[in-house]
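Hi,

Here is the structure I promised to send over. Have a look at it first, and then read on for what I found.

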Amino acid sequence: EQENFEYFKQYLKCPKEFFESYIETRVKSYCFDESGRLEKFLVSSLDLLYRNIQAAVSLSTQIVKDRKDREGKISLWLDEFCRELTEVISLPRSDLKGIEHQEVTDIEFLSSAVAEALGDLRNRLMKEFADADLRSFPAQPHTILAEHFSGCWEQCPLCGAVCTNTMQGHDGDHQVVFHRPQAVMGKRWQGTAHLVIDICSSL
């Protein structure tokens, strides 16, 4: 489509690098199209997370408020809060130990303080999403895709055709359905300047 000869050269000589570069280009064009797809995705994910955390705050407060024993209510609230979020986010209970030592005794106060801080955090993240790029992901989407779709990258030493096996380090011989004219890899007939246009299997 682009008729870029350099791309053909890269595809023929370094197919794995070409494949990874192609996937990266396609992912970026998909995420950063005119519709702002990446920002919409991030906002949608944040909204879902925000609602789940709000629900966990509310439910934890309700459960602990209804308990008769007054002692250790903050600890109970934190236990319930972490339990409610188990399916949604990884939040180790140990990360919240500091709250227990702050002499907070009012569950309602704790609940409203968490909800308020959550709202501020959500607003700050919303502003950041407008300028978000793929570097903010711990694992790059194009790298994940390239690894997922990557097969065996061994090439025929004569024509450069890539092994068609979909497993890296597969058992057995490498194989190709169609070899290429050996001229693709610059092969010439011995002692001449004539390129070899035959394919490996016919030779």
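**Between the two domains**

Let me start with a count: there are 0 salt bridges between domain 1 and domain 2. Please keep in mind that this is a predicted model.

Where do the two domains sit in the chain? Domain 1 covers 1–149 and domain 2 covers 151–202. Their contact draws on 7 residues from domain 1 and 8 residues from domain 2, while the C-alpha centres of the two domains are 45 Å apart.

Together, domain 1 and domain 2 bury an area of about 640 Å², and carbon and sulfur atoms give 63% of that. On the domain 1 side, the residues that lose the most area to domain 2 are Leu12, Pro15 and Lys16, which together make up 65% of what that side buries. Polar contact between the domains comes to 1 residue pair, with both residues at pLDDT 80 or more.

Two elements, α1 (5–13) and α2 (15–31), each give two or more residues to the side of domain 1 that touches domain 2. Sorted by class, that side holds 5 nonpolar and 2 charged residues, and no polar ones.

**The overall shape**

The protein has 7 helices and 0 strands. Its radius of gyration is 29 Å, well over the 17 Å that the globule rule gives for 203 residues, so the protein is more spread out than a compact globule. Along the principal axes, the C-alpha atoms fill a box of roughly 95 × 40 × 25 Å.

Best wishes

Definitions and conventions. Residues are numbered from 1 along each chain as its sequence is written. This is a predicted model: local features need pLDDT of at least 70, side-chain atom pairs count only at pLDDT 80 or more; totals for chains, interfaces and linings use all residues. Side-chain values use heavy atoms; hydrogens and water are left out. Domain bounds come from an automatic or database domain assignment. Contact means heavy atoms within 4.5 Å. Buried area is the accessible area (1.4 Å probe) that two parts lose on being put together, summed over both. A salt bridge is a side-chain nitrogen of Lys or Arg within 4 Å of a carboxyl oxygen of Asp or Glu. A polar contact is a pair of N or O atoms within 3.5 Å; within protein, one must be able to donate a hydrogen and the other to accept it, and residues adjacent in sequence count only if both atoms are side-chain atoms. Helices (H or I, at least four residues) and strands (E, at least two) are DSSP runs, numbered from the N terminus. Ala, Val, Leu, Ile, Met, Phe, Trp, Tyr, Cys and Pro count as nonpolar, Asp, Glu, Lys and Arg as charged, and the others, Gly among them, as polar. The radius of gyration is taken over C-alpha atoms; the globule rule is 2.2 Å times the number of residues to the power 0.38.
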